[in-house]
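Hello,

Here is the structure I said I would pass on, with the sequence alongside. My notes follow below.

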Amino acid sequence: MTTNLRSSDGEMFSVPNNLLQKSETLASMLNVCSDDTDDTDDTVTLDRINSKYLRIIIPWLQSGSVQSDNLELNDLYYLLVHSNYLNIPDLLNQLCELLIDKIAKRNNLHKIDSDLITEPRCFNSNCKTSTRGALKVCAKCSIARYCCKDCQSSDWAHHKTMCKRISTFTKTMNKEAAHLSVELWGEPGNTFEEEAGHFWGIHETRAYCRARHCLAETILELADGKQQSFIYEKGLAHHMELLRLIHGDNMGIRYEVPSVFLKLNRDEDCYNFLKWWSTIDPHGRYDWGDPPESREGDWLYLRDQDLLENPLKFIDRMELQVLAAFLWIRLRIVSRYSLMEAIENEIKSATCKSEELRFLPHILPTVKKMLLGRYRSKSSLKAQEEILRQILEAIEMCNKTFLPAMINPGPLLSCPAPSVYSDGSSSEAYLAVKQSLGMLSSVSVAKDIITKFCGGNTYYKVDMESVGRFAVRTNP
Ligand SMILES: [Zn+2]
Ligand SMILES: [Zn+2]
């Protein structure tokens, strides 16, 4: 059964009735038509829809995707109004995504989140297979994946070093874990449950903790190279397990975790995590006993915190790595609010130009939900920009090298990696810049905002000290 659709300019389109059910408006028109038994000509006239747009909407009803690659912004506006009028929510969502994308590109806001590969992919960089589930796992490191033997052998020269490091740390970790499970107190027991939280206080556990930490760092290094999210998740899981075992975090894992969350676009988890560590012990009275719900998976002792609040209100200790993570979260928030404002302005001016587009602003709630729906509270671009400015100032107070070095990392990163650092030092900036550099390319406005804050001056003095307050743990 088909129905003829007549566009406002008189063109006829024959469309199967089952497809018309995808639009509430068309479906109800169809019912009116078929009730009218005297009428042999099943034609629905759409006085509000031009044939130019029906030629895009009808294929969408068939395939579920918008086929037109080079859609002009103005045509997109008309399509948005039509899909809203025809009541096709799925099409409206797709078109809103296209709109967000187009206006983001015009305003240098096209990158807000990290662009990670979410489905595991063959590690051979010349191979383009991404056959889901069919990839085989490297037996040595249990991380690398290949679609076939050929891919594995041609990638071996490349993968060898990482593979060996990962498998060595894994072996050491498992060997130490076996000791801890049976021999710790001379009788069988489950150290991993009974002593969870207190590992650092038990000297025998340290070799295990160090091996697991090295393993996590190596896996994360591999993830930086491959940009596949499952590798980051694996590295993160080791870090989290270590935090469960060592509540006091004597290894400084809390400084490494936030950038991993950010690379995974898990900003909410990052914020909850940072806030927990920033508020857990503001007066030095925390007893480092068992926090409630300290089992694996519950390591995040705070939940659902408000990302839009000003974090400077609750942090007492200004630590560069913590402030840097707050900076990236805020840059993403400001990017989303800026994009929302840009879209509102574009739509306002389009609406003024054409009477037919007077209903265009009706799509704004959908766009807003897509861009800002993840935030729990409401805020404004102005308020978020002010918080961003305060965070940048706090960073500047904390370490003079970090911001200019983010824009011009060469002089700093060409120095050998530091083994010690103290507050405000070049070495401290070195560590934070190294962690943050990947974020700079993933948030497109970051460079401009930081450069502007620095007044365009990216000169800084490098003074890598040989004596510092904190030792940097090095991955052997
Ligand atoms: Zn392959
Ligand atoms: Zn391997």
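The chain has 18 helices and seven strands, both taken as DSSP runs numbered from the N terminus (helices: H or I, at least four residues; strands: E, at least two). This is a predicted model, in which local features need pLDDT of at least 70 and side-chain atom pairs count only at pLDDT 80 or more, while totals for chains, interfaces and linings use all residues. Residues are numbered from 1 along each chain as its sequence is written, and chains are lettered from A and ligands numbered from 1 in the order in which they are written.

Of the 476 residues, 33% are buried (20 or more other C-beta atoms within 10 Å of the residue's own; exposed means 12 or fewer, partly exposed in between; C-beta atoms are placed from the backbone). Among contacts with a separation of 6 or more, 72% are between residues 24 or more positions apart; a contact means C-beta atoms, placed from the backbone, within 7 Å.

Three strands make an open, mixed sheet in the order β2-β1-β3, where pairing takes at least two DSSP bridges between two strands. Strand β1 (residues 2-6) runs antiparallel to β2, with five bridges between them; arginine 6 is bridged to methionine 12 in β2.

Threonine 351 lies in helix α12 (residues 320-353). Threonine 351 is partly exposed because 17 C-beta neighbours lie inside 10 Å. Beyond four places in sequence, threonine 351 contacts Leu357, Arg358, Leu360 and Pro361. Its C-alpha atom is 9.3 Å from that of tyrosine 77, 274 residues away along the chain.

Regards

Technical notes: Contact = placed C-beta atoms within 7 Å.
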